Amino acid sequence: MNKSLLLFVLFALVSSSACAQCYYKPFRVDAGLGCGISTSSGYKTSVFFALEPKYAVSPSFAIGARLEAGIMSAKTYVVVIETPLPAWCDPEPDTDFIVKMSVMATLDWYILPKAELRPFVGCGVGGYFIPDRSFDKGAYAADIPAVRNLGGMMRVGVDYWHIRLAAEYNLGGKDSFGNRIDYVGIKLSFILGGGDKM
């Protein structure tokens with residue numbers, strides 16, 4: 001019984017993959033530009049570039065790997081403790097421009113796989129990275145440690161011809177100061193490869 005069930009599952013997967021080959025070129029690469037809106041007061045907006053190679057395992061499902069890098073503006077406060085005086089915080093934070101990166105595995109589900117305009121929902125899991133950096137304001141300087149977090153992503157969007165528009169909510173965890181590095185990304189991508197099989 002177990003052997004029969006295993007054979008059935010394998011047959012279904014092979015058939016599903018073969019069906020994808022009937023309608024679509026299975027391999028494609030999404031190359032996109034986007035704008036990120038931070039959900040934390042410690043960070044502001046960002047711009048980023050993304051590459052995402054994908055493989056359609058069926059007309060409805062595609063797996064991929066998203067590689068994203070961008071520049072984000074961040075507020076940096078100076079905090080000085082001078083005994084016996086109380087701690088002092090500079091009320092006017094400096095704005096730094098920092099690099100952020102993410103690498104993650106993705107899965108997309110196409111709700112209307114055979115339609116010309118194909119809406120989808122997707123998710124991903126992977127790592128978010130911000131390199132270490134230095135802060136220098138007059139007599140005060142500090143080294144800010146790097147961020148290396150495991151996080152996730154949820155998205156919705158549409159594919160039309162060789163254009164893709166998506167809104168992504170990125171859960172990037174916290175930095176060394178306890179500020180969350182989550183952001184909402186609006187991305188426009190061009191699809192290289194893929195498309196209908198003629």
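Leu117 is found in strand 7, which spans residues 117-130. The coordinates belong to a predicted model. Beyond residues up to four places away in sequence, Leu117 touches Val158, Asp159 and Tyr160. Of these contacts, Val158 lies 41 residues from Leu117 along the chain, yet the two C-alpha atoms are separated by 6.7 Å.

Tyr55 lies in strand 2, residues 43-56. Tyr55 is likewise partly exposed, as the table shows.

| Residue | Strand | Relative accessible area |
|---|---|---|
| Tyr55 | strand 2 (residues 43-56) | 34% |

Tyr55 also belongs to a nonpolar patch on the surface, together with Phe27, Val57, Phe61, Ile63, Leu107, Trp109, Ile111, Leu112, Val121 and Val156. The accessible area of these residues together is about 910 Å². At least two residues of the nonpolar patch come from strand 3 (61-76), and at least two from strand 6 (94-110).

Four residues lie between strand 1 and strand 2, and the two strands form a hairpin. Within this pairing, Gly32 has Ala50 of strand 2 as its bridge partner. Strand 1 pairs with strand 12 (residues 183-193) as well, in the antiparallel sense and over 11 bridges. There, Leu188 in strand 12 stands opposite Leu33.

How values were computed:
Residues numbered from 1 in each chain as written. Predicted model: local features only at pLDDT ≥ 70, side-chain atom pairs only at ≥ 80, totals over all residues. Heavy atoms only, no water. Patch = residues over 30% accessible without salt bridge, like charges linked within 9 Å, V, L, I, M, F, W, Y side chains within 5 Å. Areas by Shrake-Rupley, 256 points an atom, 1.4 Å probe, with all protein chains shown as cover. Salt bridge = Lys/Arg side-chain N within 4 Å of Asp/Glu carboxyl O. Buried < 20%, exposed > 50% of the residue type's maximum accessible area, 1.4 Å probe, protein only. Contact = heavy atoms within 4.5 Å. Pairing = 2+ DSSP bridges.
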